[in-house]
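Subject: The structure, plus some notes

Hi,

Here is the structure I promised to send over.

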Amino acid sequence: PVAKNHNAFNYRKYLTNKQVYKIVELSNHPLSHCSLIKSSPLTMIKELRFNGIGYLEKNFPPEIAALSAALIFGDRSMFDPEILINYQKTGIVHLLAISGLHVSLLIGMVFYLGIRIGLTRQFMMNFLLAILPIYAILTGASPSVIRSVLVIFLVLFILRWKKQLKLSPIDAISLTLIIYVFFTPLIILDAGFQLSFSVSFAIILSSSSILPRYQQTISAMVVTSIIAQLAALPILLYHFFEISFISIAANLLYIPLFSFVFLPGLYLLFFIQIIFKDAPSFLINLFMKTITLANSLIEQLADLSF
């Protein structure tokens, strides 16, 4: 059906943007006639993702499982709707989506660990080039993940095979945009795609002229956050009709928490659970208290009237 109210959610348009043009309703118990299909590498990776999310839900408390599923597999379905709304109101919901920050930190950690245990840089580059496409599918292949993975893949590919070539950040993100849109043209209508590329583009442009003026870490983070908010502003207003004035302060507080505590810590907890079948209780309690405190503070910030 056609949406009757202006500016209301248009399900038909949403499905069209996802290249879905028809909805088929089946009756007479169609599932009784289903048959197994041959597994492909793609379905195997998707099954691994599904099983991983289920493993988190089974072995960890709900708060840890929800945040781990978001940061490791890009799945937010386990989050309490009220907590998710608070993240949106405070303008930090992007931290629950796997973005360039998460991918860069993770790739950096893997590369560093590989070098530390004695593997060569060439081997680690080849390993990361092979694993990046799998990682993109494993984490849900959202626009922010595809953008981040493609940019890092292009940079590593140039470093690995064409050392004499130079790929500037603006070239990398532009080439990523071209490749992405070439294969999925309708993705340009996706809000996540628009936000991901516009914010990244604005930060890259400002990195040569504006950001060098601010050498201290705090001031650089404040300026970067302001630039990101200005770049996202027209897209947020167009799609969601609201902005958060508390988001700059919230980002300054929560970006370090997610980048240096939650992301590496929850990955570590996940692998400890897989290897030893029992994560230490003190780690569970520590993350429970930290996540509960973080969620309580987000609730307080979301309730601020301005």
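This is a predicted model: local features need pLDDT of at least 70, side-chain atom pairs count only at pLDDT 80 or more; totals for chains, interfaces and linings use all residues.

Let's start with α6, which covers residues 121–138. This helix has 18 residues and reaches 25 Å from its first C-alpha to its last, close to the 26 Å expected at 1.5 Å a residue. Quite a few α6 residues are buried, namely Met-124, Met-125, Leu-128, Leu-129, Leu-132, Tyr-135, Ala-136 and Leu-138. What do the buried residues of α6 pack against? The partners are α2 (41–59), α3 (62–73), α5 (100–116), α7 (143–161) and α11 (247–276). After α6 comes Gly-140, with a positive phi near 100°.

Helix α10 (residues 217–240) bends by about 45° at Ala-232, and the proline Pro-234 follows within four residues. Just after α10, Phe-241 has a positive phi of about 65°.

Now for helix pairs. The axes of α8 (residues 169–183) and α9 (residues 191–206) come within 10 Å and cross at roughly 160°. The two helices are therefore roughly antiparallel to each other, and α8 passes α9 in a left-handed crossing. On the α8 side, the contact is made by Pro-169, Ile-170, Ile-173, Thr-176, Leu-177, Tyr-180 and Val-181. From α9 come Phe-193, Phe-197, Ser-200, Phe-201, Ile-204 and Leu-205.

How do α3 and α11 pack? Their axes are 10 Å apart, at an angle of about 100°, and that makes α3 roughly perpendicular to α11. If you want to find the contact on screen, look in α3 for Ile-64, Leu-67, Ser-68, Leu-71, Ile-72 and Phe-73. They meet Phe-258, Phe-262, Leu-263, Leu-266, Tyr-267, Leu-269 and Phe-270 in α11.

- Asn-86 sits in helix α4 (residues 81–89). Buried or exposed? Asn-86 counts as buried, because its relative accessibility is 12% and the cut-off is under 20%. Leaving aside residues up to four places away in sequence, Asn-86 touches Ile-298, Glu-299 and Ala-302.
- Leu-252 belongs to helix α11 and is partly exposed, with a relative accessible area of 26%. Again leaving aside residues up to four places away in sequence, Leu-252 touches Met-221 and Val-222. Leu-252 and Thr-224 are 28 residues apart in sequence, and their C-alpha atoms are 9.9 Å apart in space.
- Leu-165 is in the loop between α7 and α8. At 44% relative accessibility, Leu-165 counts as partly exposed. Its C-alpha is separated by 22 Å from that of Phe-111, 54 residues away along the chain.

Cheers

How values were computed:
Residues are numbered from 1 along each chain as its sequence is written. Side-chain values use heavy atoms; hydrogens and water are left out. The expected span of a helix is 1.5 Å times one less than its number of residues. Buried means under 20% relative accessible area, exposed over 50%, partly exposed in between (1.4 Å probe, protein chains only). Contact means heavy atoms within 4.5 Å. Axes are lines fitted to C-alpha atoms, for helices over the stretch in contact, and angles run from 0 to 180 degrees between N-to-C directions. Angles under 35 degrees count as roughly parallel, over 145 as roughly antiparallel, 65 to 115 as roughly perpendicular and the rest as oblique. A crossing is left-handed if the near helix is turned anticlockwise from the far one by less than a right angle, and right-handed if clockwise. The bend at a residue is the angle between axes fitted to the seven residues ending there and the seven starting there.
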